[in-house]
Amino acid sequence: MTRRGPWLPILLLAALGAPLTAHAWVLELREAWTTDGAIVRLGDVAAGELPAAAAALVLTAGGTPGGTLTLDRGAVLRRLVTERLAADVVCRGPEHCVVTFAATHLDPARIESVLRDALAAWLPPAAPGAPPTTLDIAGELPSPALDGDWTLTLIEPRPLLAGRNLVRARIDAGRGAARFTATVVCHVHGEIARALADLQPGRPLDGEQLAWEWCDLATLRGGELVGRAAAAGMNCVAPVAAGAILRQAAVRRTPLVTAGQRVELVLDRGGVSVTTMAVAREDGAGGEQISVRNELDGRLVRARVEGPGRVAWNR
């Protein structure tokens with residue numbers, strides 16, 4: 001390995017103070033220079049003519065769009081010495097050159113258009129007869145400084161839900177990349193019910209008591225009963241005024257067993273089923289667990305409602 005250390009300060013001093021000779025060349029940096037690329041060569045930032053090899057010397061190859069870089073004349077000279085290109089060089093002018101890496105800020109409107117296209121596959125389908133599902137982009141999208149052609153990719157995409165969704169995305173360009181999170185409001189419609197007349201507790205719901213209408217689910221407060229299937233087999237447990245929207249808290253599934261009713265209690269023991277009688281201690285809809293008293297031994301057990309007047313207990 002060639003030992004250069006002791007000679008480097010001497011060469012630098014000589015380059016800074018040597019008079020011009022017939023073969024000398026001048027290293028004079030510009031005070032500022034702007035480029036739309038990522039690579040900066042010495043010939044780009046020097047004010048005068050340079051030897052071809054020195055002009056081609058790459059000072060940096062990783063410029064960031066929209067960023068700046070300050071080149072120090074002493075550091076440049078040390079590079080020339082290291083590359084054996086400093087012979088007959090004389091330094092003049094500014095000690096620093098500020099390089100600006102130009103970049104174009106992407107248009108947020110264009111980003112929104114591409115984002116909408118990417119989200120189209122993740123919109124929930126509209127129910128038969130419902131208005132079409134749409135989306136809005138809430139708030140401002142970024143305007144990153146990137147150069148070249150660019151693409152947008154969704155990060156961990158998933159089907160959009162009604163209302164507000166946080167969607168992460170990445171933009172990759174010829175030079176640089178950017179990530180951002182967008183607030184996407186999904187407008188999907190569902191049917192909600194209004195009471196045509198006052199509804200009283202204990203009364204089963206039927207089609208003549210309710211009027212159904214399409215509603216943007218993104219505008220609901222929460223807790224509304226959505227969809228006709230959700231009302232099937234339901235019973236009112238609280239008063240509902242005429243014209244009011246039916247809410248989940250006002251209904252429950254119609255009980256198949258009522259408190260005080262004698263029911264069949266099916267006991268399943270090791271694959272053998274035994275049926276006896278019991279008394280229900282509370283109301284219960286299909287699939288619910290309720291307390292019953294076994295008439296055979298007087299014990300209280302938790303049993304699952306399987307049908308009208310029938311419960312099952314698995315030990």
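Which side chains meet in a salt bridge of 3.2 Å, N to O? They are those of Arg116 and Glu112. Before going on, a word on the model: it is predicted, so local features need pLDDT of at least 70 and side-chain atom pairs count only at pLDDT 80 or more, while totals for chains, interfaces and linings use all residues. Residues are numbered from 1 along each chain as its sequence is written, and side-chain values use heavy atoms, with hydrogens and water left out.

**Salt bridges**

Side chains of opposite charge can pair when their charged atoms come close. Here a salt bridge is a side-chain nitrogen of Lys or Arg within 4 Å of a carboxyl oxygen of Asp or Glu, and the count by this rule is 12. Three of these pairs are worth a look.

| Pair | N to O distance |
|---|---|
| Arg116 and Glu112 | 3.2 Å |
| Glu224 and Arg247 | 3.5 Å |
| Arg310 and Glu264 | 2.8 Å |

Arg116 and Glu112 sit 4 residues apart in helix α5 (residues 108–119), so about one helical turn separates them. (Helices, H or I of at least four residues, and strands, E of at least two, are DSSP runs numbered from the N terminus.)

Glu224 and Arg247 meet in a salt bridge. Glu224 belongs to the loop between β14 (210–216) and α6 (228–231), and Arg247 to the loop between β15 (234–236) and β16 (251–253), so the pair ties together parts 23 residues apart in sequence. Glu224 is buried at 6% relative accessible area, whereas Arg247 is partly exposed at 28%; buried means under 20%, exposed over 50%, and partly exposed in between, with a 1.4 Å probe and protein chains only.

Arg310 and Glu264 also meet in a salt bridge. With Arg310 in strand β21 (residues 310–314) and Glu264 in strand β17 (residues 262–269), this pair ties together parts 46 residues apart in sequence. Salt bridges that share partners join Glu264, Arg304, Glu306 and Arg310 into one network.

**A buried serine**

Ser291 is found in strand β19 (residues 289–294) and is buried, at 14% relative accessible area. Leaving aside neighbours within four places in sequence, its contacts (heavy atoms within 4.5 Å) include Val279, Arg281, Leu300 and Arg302.
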